[in-house]
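Here is a short briefing on one protein model. Look at the structure first, then work through the points below.

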Amino acid sequence: MTPVGGWPFWLIFLSAAVLGGVAAFGLAPFGYWWATVIALTLLAPVYLSSKSRGQAAWIGWAFATGYFVHALSWIVEPFLVDAPRYGWMAPFALVFMAGGLALFWALAFWVARKSGASGVGQTVLLALIIALAEAARGYVLTGFPWAGLAQVWVDTPVAQVLALTGPYGLGALTLLATLPLGAALSRRKGIFLPLCLSVGFAGLGLGYAAMRPDVTNTEHIVRLIQPNAPQHQKWDPDYAPLFFARQIEFSALQPRPDLIVWPETSVPAWLGSAQPYLDAIAEAAQGTPVFLGIQRGDGPRIYNSMIYLNEDGQQQGLYDKHHLAPFGEYVPFGDVMARFGIHGMATTTGNGFSAGPGAELIEAGKLGLALPLICYEAVFTQDVLSAPGRADFLMQITNDAWFGTRSGPYQHLAQAQMRAVEQGLPMMRAANTGVSAMIDPLGRITKALPLGEAGFIDALLPAPLARTLYARIGDYPVFFVLFGLTALLWRNARRVDA
């Protein structure tokens, strides 16, 4: 019997939801990783108090819903940019998104309870099944891995484990270090294995961080431009010229950098008619290459794109965003939905933006090969893993004005830091409203411009580290290990009793 075993189920359900909300304090901008650890540890006795598979599923759903409501509270912000049109959707979007993502956890709790394992063994199995559910959340139906458990470690030494296991492996280790320990402490027995898992996790995180090589800098200076255009004014004809002029001014200033990066959709014209704007950019750059975000059309299709202007101001590279944000950049069955006045928030045409062919590398002159990522793509580790070769640096351009001024931009930044650690590559990040930053291959921010501030930063480009283990093996070996351990424990479930 766990300490909460005698509670009425409504109180157990409420406790799980509260613990989920507490767990989300581990995410940016708070970064209270210990809150996540405590909440997961306390979740174990709450889960073990369930008397049926149905109760277990409701407990998992309640915890995850509380977690995602808190973690994804920023998701109401895009709907408030055009409040008369979309504002009514905001509360529904948050509730349905949080509750829908929580179904992955509910299923994991239901399956673990069905196994027949008991005590500590059941929470070990639960940790593995939740890890598999989180992997599914990151891949199924284009995926949405935002607010993964690994994200709470971003600004700690434990984040370096990402270079070994990636985000899903680190999330699994987090669960294995907390849930079994909570079960053992609540039952006051079987503490040895859970304690070994917890101490082993801490030792791995701290030990591997100490072994990571030092980061050196190249001699290249990169200028990251941040115009700070509020989304409701970004395309307004009265304001768009002001924001463009601001970026021109920042680009023209001395001393000259080796590369200039403008954020997502930073040119107020479609590529086919943007030559006067591109000429102005080239003149301001004074021989410095420029990466910039722009929209383009190709017949009936439209794309969210990035182009590279070389030293002569000529377009030399083009990348089309391939991982689009559902309901933001496109709407499923968009032509049908458009008849009811429902469009993607970033476009007003039928199905919205089209997806590009996939990850690409772009030559960036003397700086080497860039792997471009536009906004949402930096959230997906698989988008980086799918690159056709190894880049010299990662580059994210984004318009985080959509994400408001609370948690969204900071969580987006944290995920960019994760991609840098996973690959052992520096990440340069130009964001319309912030946070623009240079990130080294250990995920540390070397220079940044605060959220909501117009300006630019000139930052040294860090040198890449050797290719990480995770960059070599990717996610699938991690998934295979998780599935294999789950199958083994399931087979022996009735023999495992702490």
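- At 59% relative accessibility, Tyr-476 counts as exposed. The cut-offs are these: buried means under 20% relative accessible area, exposed over 50%, and partly exposed in between, with a 1.4 Å probe and protein chains only.
- Phe-479 counts as buried, at 14% relative accessibility.
- Tyr-476 and Phe-479 both lie in helix α17 (residues 476-491), 3 residues apart, about one turn of the helix. Helices (H or I, at least four residues) and strands (E, at least two) are DSSP runs, numbered from the N terminus.
- The rings of Tyr-476 and Phe-479 form an edge-to-face pair, 5.9 Å centre to centre with 85° between the planes. Rings of Phe, Tyr and Trp (its six-membered ring) pair if their centres lie within 6.5 Å; planes under 30 degrees apart count as stacked, over 60 as edge-to-face and the rest as tilted.

**How to read the values**

- This is a predicted model: local features need pLDDT of at least 70, side-chain atom pairs count only at pLDDT 80 or more, and totals for chains, interfaces and linings use all residues.
- Residues are numbered from 1 along each chain as its sequence is written, and side-chain values use heavy atoms, with hydrogens and water left out.

**Other aromatic rings**

- How many aromatic pairs are there by this rule? The count comes to 31.
- Trp-74 and Trp-146 form a tilted pair, with 4.6 Å centre to centre and 40° between the planes.
- Trp-74 lies in the loop between α3 (53-71) and α4 (77-81), and Trp-146 lies in the loop between α7 (119-139) and α8 (162-187), so the pair ties together parts that are 72 residues apart in sequence.
- Trp-74 is buried, at 4% relative accessible area. Trp-146 is buried too, at 0%.
- Ring pairs link a cluster of Trp-74, Phe-144, Trp-146, Tyr-376, Phe-380 and Phe-403.

**Two helices in contact**

- How do helix α11 (residues 240-252) and helix α12 (residues 275-285) cross, and at roughly what angle? Their axes come within 7 Å and cross at roughly 25°. Axes are lines fitted to C-alpha atoms, for helices over the stretch in contact, and angles run from 0 to 180 degrees between N-to-C directions.
- α11 and α12 are therefore roughly parallel to each other. Angles under 35 degrees count as roughly parallel, over 145 as roughly antiparallel, 65 to 115 as roughly perpendicular and the rest as oblique.
- On the α11 side, Phe-244, Ile-248, Ser-251 and Ala-252 meet Tyr-277, Ala-280, Ile-281, Ala-284 and Ala-285 of α12. Contact means heavy atoms within 4.5 Å.
- By class, the contact of α11 with α12 has 8 nonpolar, 1 polar and no charged residues. Ala, Val, Leu, Ile, Met, Phe, Trp, Tyr, Cys and Pro count as nonpolar, Asp, Glu, Lys and Arg as charged, and the others, Gly among them, as polar.

**A covered helix**

- Helix α15 (residues 408-423) has 16 residues, and at 1.5 Å a residue they should span 22 Å. Its end C-alpha atoms are 23 Å apart, which agrees. The expected span is 1.5 Å times one less than the number of residues.
- α15 is mostly covered, with 15 of its 16 residues buried.
- Just after α15 comes Gly-424, with a positive phi of about 70°.

**Backbone details in loops**

- The peptide bond from Ala-28 to Pro-29 is cis, with omega near 10°. Pro-29 lies in the loop between α1 (9-23) and α2 (33-48).
- Gln-254 and Pro-255 are joined by a cis peptide bond, with omega about -5°. Pro-255 lies in the loop between α11 and β2 (259-261).
- Ala-147 has a positive phi near 70°, in a residue other than glycine. Ala-147 lies in the loop between α7 and α8, and counts as buried at 0% relative accessibility.
- Thr-265 has a positive phi near 40°. Thr-265 sits in the loop between β2 and α12, and is buried at 8% relative accessible area.

**A contact across the sequence**

- Leu-469 lies in helix α16 (residues 469-473) and is partly exposed, at 43% relative accessible area.
- Leu-469 and Leu-164 are 305 residues apart in sequence and 5.3 Å apart in space, C-alpha to C-alpha.
- Not counting residues up to four places away in sequence, Leu-469 touches Ala-163 and Leu-164.
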